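Hi,

Here is the structure I promised to pass on. Have a look at it first, and then read my notes below.

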Amino acid sequence: RNEPGPRLLTRLLYDAAGRQVGQETVPENNFDPRTRPWFRAGLRARESAAWTELYVFFTEGVPGLTVATALQVEGTDAPDGVIALD
């Protein structure tokens with residue numbers, strides 16, 4: 001959530017069947033997805049997906065990769081955000 005006041009990072013956890021199995025909210029952190037390479041690549045990937053190289057995740061400190069793509073409301077010109085999967 002990027003609103004005035006304290007920043008919150010909420011992670012939604014899903015199982016292989018797509019059911020939400022957990023949720024974690026971490027208050028007062030410095031994570032800003034707009035500064036991450038996968039976010040910027042996702043904004044550029046309007047008709048496809050952008051894959052990262054292997055890197056260390058900010059949240060867990062473990063290696064992984066991310067696929068990201070732009071979210072866009074139909075009928076608008078600019079992306080409204082990015083969806084990413086680790």
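Is Arg11 buried, partly exposed or exposed? At 21% relative accessibility, Arg11 counts as partly exposed; buried means under 20% relative accessible area, exposed over 50%, and partly exposed in between (1.4 Å probe, protein chains only).

Before the rest, some housekeeping. This is a predicted model, so to speak of local features I need pLDDT of at least 70, and side-chain atom pairs count only at pLDDT 80 or more, while totals for chains, interfaces and linings use all residues. Residues are numbered from 1 along each chain as its sequence is written, and side-chain values use heavy atoms, with hydrogens and water left out.

**Overall layout**

The protein has one helix and seven strands, in the order β-β-α-β-β-β-β-β along the sequence. Helices (H or I, at least four residues) and strands (E, at least two) are DSSP runs, numbered from the N terminus. The C-alpha trace spans about 35 × 30 × 25 Å along its principal axes. Of the 86 residues, 24% count as buried. Taking contacts (heavy atoms within 4.5 Å) between residues at least 6 apart in sequence, 25% join residues at least 24 apart.

The accessible surface comes to about 6400 Å², and 55% of that belongs to carbon and sulfur atoms; areas come from the Shrake-Rupley method with a 1.4 Å probe, and for residues only the protein chains shown count as cover.

**Salt bridges**

How many salt bridges does the structure hold? There are three, where a salt bridge is a side-chain nitrogen of Lys or Arg within 4 Å of a carboxyl oxygen of Asp or Glu.

Arg11 takes part in a salt bridge with Glu24, at 3.2 Å from N to O. Arg11 sits in strand S1 (residues 8–14) and Glu24 in strand S2 (residues 20–27), so this pair ties together parts that are 13 residues apart in sequence. Glu24 is partly exposed, at 33% relative accessibility.

Arg11 also forms a salt bridge with Glu60, with the closest N and O atoms 2.4 Å apart. Glu60 belongs to the loop between strand S4 (55–56) and strand S5 (63–64), while Arg11 is in strand S1, so here the parts tied together are 49 residues apart in sequence.

Then there is Asp15 with Arg19, whose side chains meet at 3.0 Å, N to O. Asp15 is partly exposed, with a relative accessible area of 25%, whereas Arg19 counts as exposed at 54%. As for shared partners, salt bridges join Arg11, Glu24 and Glu60 into one network.

**A nonpolar patch**

Which residues make the nonpolar surface patch of about 380 Å²? Trp51, Leu54 and Leu65 do. Patches are made of residues with over 30% relative accessible area and no salt bridge: like charges are joined within 9 Å, and nonpolar side chains (Val, Leu, Ile, Met, Phe, Trp, Tyr) within 5 Å. Trp51 is in strand S3 (residues 50–51) and counts as exposed, at 62% relative accessibility.

**Ile83**

One more residue to look up: Ile83 lies in strand S7 (residues 81–85) and is partly exposed, with a relative accessible area of 43%. Beyond its neighbours within four places in sequence, Ile83 is in contact with Val67, Ala68, Thr69 and Leu71. The C-alpha atoms of Ile83 and Glu24 are separated by 18 Å, and the two residues are 59 apart along the chain.

Cheers
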